[in-house]
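Let's take a friendly walk through a protein model. Have the sequence and the 3D view ready as you read.

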Amino acid sequence: ARMWMRPARRLRGVAAWQGEALPGSNGGPPMTRWLAGLMPEAPKGVLAFLEPAPEVGLEDLPCHKALFWGPSPPADPALSRHLLWELTEFLGAETMREHRAKGTEEILIKGGPQMLLAILESQIKVGQDNLALQLLWLLQALAAEAPTERWADTMNEALSPAMSIPDWLGHGYGKVAENSPQILAAILSFLASCASQCARCREECSEYIRWP
């Protein structure tokens, strides 16, 4: 069985045994017993996807190994910009229009949000506006295109870092519209995509997030 309890940078395999190899007795691990067919329903709280991730060409990109299997975040912002440029070109290409939803799902399942947030939280500093725009574009694409259930209720984890970008870039909330209207538009676009897909994001946007 293929399972993703939550998107992660590296897929984690889940193994089940039958016959004499069954681990323990009836009091053994519920997930293992369910996978082995000893429980009629999945344990409470389990979110399982028993279909493999789509494959639409992500693994063929030169940036794939570095982004999804290399150090996270990449060594420096310049390298991150180069690698993310390949990813944005991959999703944004006209030839990908019919496959864009599957492409975003593949990125999501392979831990795209965690990888993007690692770059966002460690490399977005004064002068990195272009890198911030790349990251926001990719996050917004994932929020808008990828199946909401694949996020496993973690979409809201990206809200706070996105809202911190004006401060990290040195613009502050008071001057971001004047100094970098593209950044403000990208943040609002990402928040709107999250709110349109996720009830928890709508709640946080309306109750907890406050623009100074």
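## About the model

This is a predicted model, in which local features need pLDDT of at least 70, side-chain atom pairs count only at pLDDT 80 or more, and totals for chains, interfaces and linings use all residues. Residues are numbered from 1 along each chain as its sequence is written, and side-chain values use heavy atoms, leaving out hydrogens and water.

## The whole chain

The protein chain has 10 helices and zero strands. Here helices (H or I, at least four residues) and strands (E, at least two) are DSSP runs, numbered from the N terminus.

Of the 212 residues in the chain, 43% are buried, meaning under 20% relative accessible area with a 1.4 Å probe, protein chains only.

## Helix α3

Helix α3 covers residues 77-92. At 1.5 Å a residue, its 16 residues should span 22 Å, and its end C-alpha atoms are 21 Å apart, which agrees. The expected span is 1.5 Å times one less than the number of residues.

Among the buried residues of α3 are Leu83, Leu87 and Phe90. The buried residues of this helix pack against α2 (63-68), α4 (100-109), α5 (112-123) and α6 (129-145). At the start of α3, a side-chain oxygen of aspartate 76 reaches to within 3.1 Å of the backbone nitrogen of alanine 78.

## A look at leucine 79

Leucine 79 is found in helix α3. Is leucine 79 buried or partly exposed? Leucine 79 is partly exposed because its relative accessible area is 35%, which lies between the buried limit of 20% and the exposed limit of 50%.

Note on methods
Contact = heavy atoms within 4.5 Å. Polar contact = N/O pair within 3.5 Å; in protein donor to acceptor, adjacent residues only side chain to side chain.
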